[in-house]
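Hi everyone, thanks for coming. Let me put the structure up first, and then we can walk through it together.

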Amino acid sequence: MATMDLRGDTSEVFFKMKEETCNEMEEGASKCEVSIKGTGSGGWKSAFLLLANQGLATLAFFGVGVNLVMFLTRVLGQDNADAANSVSKWTGTVYMCSLIGAFLSDSYWGRYFTCAIFQLIFVLGLVLVSLSSWLFLIKPEGCGNGELVCIPTSPIGVGLFYLSIYLVAFGYGGYQPTIATFGADQFDDSILTQKNSKEAFFCYFYFALNLGSLFSNTILVYFEDSGKWTLGFWASTGSALVALVSFFLGTYGYRFVRPCGNPLPRVAQVFVATVKKWNVVPSNGAELYEVEGSESAIKGSRKILHSSEFEFLDKAATVTERDRFEPVNPWRLCTVTQVEEAKCVLKMLPVWLCTIIYSVIFTQMASLFVEQGSVMNYTFRNFHFPAASMSAFDICSVLLFTGIYRQILVPLAKLSKNPKGLTELQRMGIGLVIGLLAMVAAGVTELARLRRVVPDKGTSSLSIFWQIPQYVLVGASEVFMYVGQLEFFNGQAPDGIKSFGSSLCMASISLGNFVSSLLVNMVMSITARGNNPGWIPEDLNSGHLDRFYFLIAILTAADFVIYLFCAKWYKGINLEEGVENVRMEGRGDEEHGIV
């Protein structure tokens, strides 16, 4: 038994975690009896603090990420294709790390400690980014502004820079899905009003994310684009520090959900038991094995009712003659809830895979959109408008369409007797279609840009504001796709893997970045042959970036057709009604109906 006390110096904060020994189910399945006690009652007060934390952390993250492609080309001297690939791989790593954070959160650390630890790593990475650029890379001062060339970088400086940005990726990636789930934990599903507040929280969560990035995409990007890279990085570091402090100050009021143990053995047991009983005919739902009482065998998780999908897995919960006369072996006999937990993961996977192509669209804003804008006319009445700042139109679009969706579309859609308005799957489908239109708009803009290239200047006379439609359309699609994803995966994930559900949205972005990098490499290897510069050459004026955008649009159209089949096939999780087994303890438990 381990007891840990965290006491804040600036406020009377007391948080006590009492971690009791996990009782191992026979042959390895864990019944985790971790009890987490806090003094808070959650609600919107705690949720708003976490939304502020999310906004500040996002400001810090995008202060590095949104202009990274320009840093790589101007300061480190990479060409356009290499820089786009580097950014795609880095961004992919960010969101792939979300799976690590989700696993630790669900299994061992809980949401609070996972958020705290990964935020500390995030701050450390930002400090190193600032130091490496200040001490090694920005030489002479003010270089990397598009005019003043930086001195060739030293291997030490480059190595420290890459180490630091991947620490940023690891810290922010591990924190991101957990903070979303932790915020949702502040509301109790057993109370209708709080359940509705929980659904609204994800919309406001994405709103806060974009509000935070608005500052970094405008003011910070402007300073960085003018050569003040170190100032921008230190500002990001300061924002992350404020976010961390605010997170700890709210400790007194948070509600905490106990981790349910490592889900990997539980899922593995289902498949192993199924293989062992491969020749057994599955029993009907009423005859499958389940523990008695209101609680499931997975402590802290509600029971899940039987579903008809993936019926072959029911073999794992089918009681044979041998099972009747032997002690329960979870590697041979699993509960219905345990089988359904594995089914939930399998059912979500096809939908999740269909969202990856959309993330390919999303990642273009941080790479090719910026490179496209950098060879357009980006002056407005003698004001230099950085190409990376165009993403501010994406953010404003998200903020605008979030309000339109919550205040107009949801009330109208409720007339169809759906209390949520549009379902999560419907919203994700709409997001795919709008994302497709964004790629078409980007391709049309590129065609217009190429027709107005100024000879011997390397740029086009076409105004950078022609990019506004593609950014606005991507922003509108995010409101439907990513907010829908957050609600869908968090709502459809069993209690024992809630953070994993949230991380699927981040993992989709991750794989989208890797797929984008793969597409760039494939396109260049096919189109850049002989004297042909390819579609995405160093000099975009001699390439055909428009064809790459149209290719993504075609892939999205094909993906949308597949998504329609997956969405129609999907059947949601069916939790046992009238039972609330997710255990939370703290002041206000009686008020929130916690058992």
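Let's begin with the overall picture. Among contacts in the protein with a separation of 6 or more, 80% are between residues 24 or more positions apart, where contact means heavy atoms within 4.5 Å. Please keep in mind that this is a predicted model, where local features need pLDDT of at least 70 and side-chain atom pairs count only at pLDDT 80 or more, while totals for chains, interfaces and linings use all residues. Residues are numbered from 1 along each chain as its sequence is written, and side-chain values use heavy atoms, with hydrogens and water left out.

The protein has 17 helices and seven strands; these are DSSP runs, numbered from the N terminus, with helices being H or I of at least four residues and strands E of at least two. Of its 595 residues, 57% count as buried. Buried here means under 20% relative accessible area, exposed means over 50%, and partly exposed is in between, with a 1.4 Å probe and protein chains only.

Now to a helix I'd like you to find: α10, residues 356-363. How many of its eight residues are buried? Eight of the eight, so to speak a mostly covered helix. They are Ile-356, Ile-357, Tyr-358, Ser-359, Val-360, Ile-361, Phe-362 and Thr-363.

What does α10 pack against? One partner is α16, residues 545-569, at an angle of about 155° and with the axes 9 Å apart. The axes are lines fitted to C-alpha atoms, for helices over the stretch in contact, and angles run from 0 to 180 degrees between N-to-C directions. The two helices are therefore roughly antiparallel; that label is for angles over 145 degrees, with under 35 being roughly parallel, 65 to 115 roughly perpendicular and the rest oblique. On the α10 side, Ile-357, Val-360 and Ile-361 make the contact, and they meet Ile-552, Leu-555, Thr-556 and Asp-559 of α16. By class, that contact has five nonpolar residues, one polar and one charged. For the classes, Ala, Val, Leu, Ile, Met, Phe, Trp, Tyr, Cys and Pro are nonpolar, Asp, Glu, Lys and Arg are charged, and the others, Gly among them, are polar.

Helix α16 also packs with α13, residues 424-451, where the axes come within 8 Å and cross at roughly 165°. That pair is therefore roughly antiparallel too. In the contact of α13 with α16 we find 20 nonpolar, three polar and three charged residues.

Next, charges. Side chains of opposite charge can pair when their charged atoms come close. The whole structure holds twelve salt bridges, each being a side-chain nitrogen of Lys or Arg within 4 Å of a carboxyl oxygen of Asp or Glu.

Which residue pairs with Asp-314? Lys-343 does, with the closest N and O atoms 2.9 Å apart. This pair links distant parts of the chain, 29 residues apart: Lys-343 is in helix α9 (residues 336-354), and Asp-314 is in the loop between α7 (263-276) and α8 (321-324). Both Lys-343 and Asp-314 are buried.

Lys-343 also forms a salt bridge with Glu-340, at 3.2 Å between the closest N and O atoms. Those two both lie in α9, three residues apart, about one turn of the helix. Glu-340 is buried, at 2% relative accessible area, and Lys-343 is buried at 0%.

For a pair in another setting, look at Glu-326 and Arg-322, whose closest N and O atoms are 3.2 Å apart in their salt bridge. Glu-326 is partly exposed at 37%, and Arg-322 is partly exposed at 47%.

Back to Glu-340 for a moment. Leu-305 is 35 residues from Glu-340 in sequence, yet 7.5 Å away in space, C-alpha to C-alpha. Leu-305 sits in the loop between α7 and α8 and is partly exposed, at 34%. Not counting residues up to four places away in sequence, Leu-305 touches Val-336, Glu-340, Asn-574, Leu-575 and Glu-576.

Finally, two backbone details. Most residues other than glycine have a negative phi, and most peptide bonds are trans. Phe-310 has a positive phi of about 45° although it is not a glycine, and the peptide bond from Lys-139 to Pro-140 is cis, with omega near -5°. Phe-310 lies in the loop between α7 and α8, while Pro-140 is in the loop between α3 (80-137) and α4 (155-184).
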